[in-house]
Amino acid sequence: MTEYRNFVGGRFLDGASLFDDVNPVDGTVVARVHEADASVVDRAVRAARTALDGPWGRMTVADRCRLMRAVADEIDRRADDLLAAEVADTGKPEAGARELDIARAAANFRSFADVVAAEGVESFLLDYGQGRQALNYAVRKPLGVVAAIAPWNLPLLLLTWKLAPALASGNTVVVKPSEETPGSATVLAEIMTAAGVPDGVFNLVHGFGAGSAGELLTTHPGIDGVTFTGSSATGAGIMKAVAPRVRPVSFELGGKNAALVFADADLDATVEGLTRSVFANTGQVCLCTERVYIERSVFDEVSERLAASARSLRLGRPCDPATTTGPVISAVHQRKVLDYFDLAERAGATVLTGGQAAKVDSDLAGGFWVEPTLWTGLTNADRVVREEIFGPAAALIPFDTEEEAVRLANDTDYGLAASVWTTDLSRGHRVAQRMAVGIAWVNTWFLRELRSPFGGRGLSGIGREGGRHSLDFYTEPTNVCVAI
Ligand SMILES: NC(=O)c1ccc[n+]([C@@H]2O[C@H](COP(=O)([O-])OP(=O)(O)OC[C@H]3O[C@@H](n4cnc5c(N)ncnc54)[C@H](O)[C@@H]3O)[C@@H](O)[C@H]2O)c1
Ligand SMILES: O=C/C=C/C=C(\O)C(=O)O
């Protein structure tokens, strides 16, 4: 049986206890995971501090960026091992995981190597009277020892989205992957060593959240900042944990994302795009659409075509090329999603498609399967339309005017993403700019420019990461003012 160990100061360490790593496709145990206790977490934070004060802390930007590219190359070389670990933990279809999760991990490191290598020094000449001048320049220094806590939906993509800028900026890290998906982060530890990243720069602790490695890490006095991706509730808990020491946080949290479909949209492209935006990764992407507002004149046509597209999705084994959709991550999450299915029906929803636990082959019956689901007959007042489900489901709601569409879309406590579908690009720009979100797509979805600001507002997060925006979190500028 595979065992996933903690990785501290360049060595794999046993944990105080073991927990099961379950494959959501069939409910079988695929590995045993070493849970880090307080002593292992403390050793990891100390190793990170020691590394920061060692050769890594004195490394030139050019050498660090060279190492980031070496990590990306090693990710490419170990792609099959990363894919196997990610698929065993998540049950997601192999083709999609290779194309998105694994490929983006390498791209994240290359993107931030480019950003850091190109980053200059911000400077200003101050004229302060009688011909006198002062030169101001801001040098960026690493934040220090960064705690990176990742979720289970895009484990490697989201972990490396934090790791790449953190390491490229000269920090050292202690990462805590989700207890549901320990595998790819453990392979990444091997990759770091193989790429030449010095011992102690990358440390990995396994475990759970409150009362386990996650909370032990965020409350550790040796942590200089926390970057976290996960639920809004957990984000709030982490804010409390770091508040006594006033440590900075960067949060990518939940979403309740809207799509606006106008009557003049290219309906073929829109139905294809919406099918991806609602059901990608079995709806377990914080950017997924869970509210689809459709101009009334095309409401019936779009609803019927979207339902037909959802019914064409194929739930099955990750290795089957015909599989489009995997299970949800766990029995607990399956119950949460099914409870929302029940809530929708109690709220009077019409189930266009889905609404139940999915029927699968007997050898998969131990897995956590749900039907891709679409509802009509709900409103913004319903809990199912206000609360994040984080599963393969969306409510379809009609609108009559652009103003009404904008109001409905922005009527949420979240603020992560939106998509606007129209062939009138003036309207596309106008409506996208009015979305109270971090990222608004027009006639596309989940198309990512890694240098652009990415993140959410309200319950969807704090801060932006991406390109130079990541440097605002992972570095601390010191402005030097020199009287000339
Ligand atoms: N905005 C994004 O980019 C994004 C990405 C993925 C998931 N999410 C959100 O995350 C949720 C689903 O993912 P999840 O169930 O893994 O989220 P989660 O918040 O339960 O867990 C995320 C991570 O935080 C850890 N954790 C939990 N409690 C903690 C605590 N008190 N202290 C420290 N660490 C703790 C977990 O062990 C895990 O590693 C959904 O709400 C989804 O929208 C957001
Ligand atoms: O589930 C959340 C997905 C987040 C995606 C990113 O952070 C990204 O594409 O960089």
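Student: To start with, is Gln130 buried or exposed?

Tutor: Gln130 is exposed, with a relative accessible area of 72%, where buried means under 20% relative accessible area, exposed over 50%, and partly exposed in between, using a 1.4 Å probe and protein chains only. Before we go on, this is a predicted model, in which local features need pLDDT of at least 70 and side-chain atom pairs count only at pLDDT 80 or more, while totals for chains, interfaces and linings use all residues. Residues are numbered from 1 along each chain as its sequence is written, chains are lettered from A and ligands numbered from 1 in the order in which they are written, and side-chain values use heavy atoms, with hydrogens and water left out.

Student: Okay, and where does Gln130 lie?

Tutor: Gln130 lies in the loop between β6 (122-127) and β7 (133-142); helices (H or I, at least four residues) and strands (E, at least two) are DSSP runs, numbered from the N terminus. Gln130 also has a positive phi of about 50 degrees, although it is not a glycine. Most residues other than glycine have a negative phi.

Student: Which other residue has a positive phi although it is not a glycine?

Tutor: Thr282 has one, of about 55 degrees, and it sits in the loop between α10 (267-279) and β14 (289-295). Thr282 is buried, because its relative accessible area is 4%.

Student: Let's zoom out. How many helices and strands does the protein chain have?

Tutor: The protein chain has 16 helices and 21 strands. Its radius of gyration is 23 Å, close to the 23 Å that the globule rule gives for 484 residues, so the chain is as compact as a globular protein of that length; the radius is taken over C-alpha atoms, and the rule is 2.2 Å times the number of residues to the power 0.38. Along its principal axes, the C-alpha trace spans about 70 × 70 × 40 Å.

Student: And what percentage of the residues is buried?

Tutor: Buried residues make up 56% of the 484 residues in the protein chain. If you take the contacts between residues at least 6 apart in sequence, 73% of them join residues at least 24 apart, where contact means heavy atoms within 4.5 Å.

Student: Switching to helices, how far apart are the end C-alpha atoms of α7?

Tutor: They are 19 Å apart, which agrees with the 18 Å that the 13 residues of helix α7 (residues 183-195) should span at 1.5 Å a residue; the expected span is 1.5 Å times one less than the number of residues. Ten of the 13 residues of α7 are buried, so this helix is largely enclosed by the rest of the structure. Among those buried residues are Leu188, Ile191 and Met192. Just after α7, Gly196 takes a positive phi of about 100 degrees.

Student: What about α3, which of its residues are buried?

Tutor: The buried residues of α3 include Arg64, Cys65, Leu67 and Glu74, and what covers the buried residues of this helix includes α2 (55-58), α4 (79-90), α5 (94-118), α6 (155-168) and α7. The 17 residues of helix α3 (residues 61-77) should span 24 Å at 1.5 Å a residue, and its end C-alpha atoms are 24 Å apart, which agrees.

Student: Now Ile389, why does it count as buried?

Tutor: Ile389 counts as buried because its relative accessible area is 0%. Its place is in the loop between α13 (383-386) and β17. Leaving aside neighbours within four places in sequence, the residues in contact with Ile389 include His333, Tyr340 and Trp375.

Student: You mentioned β17, so where is Pro398 found?

Tutor: Pro398 is found in strand β17 (residues 393-399), and at 22% relative accessibility it counts as partly exposed. Pro398 and Arg296 are 102 residues apart in sequence and 5.1 Å apart in space, C-alpha to C-alpha. Not counting residues up to four places away in sequence, Pro398 touches Ile294, Arg296, Phe299, Glu404 and Leu408.
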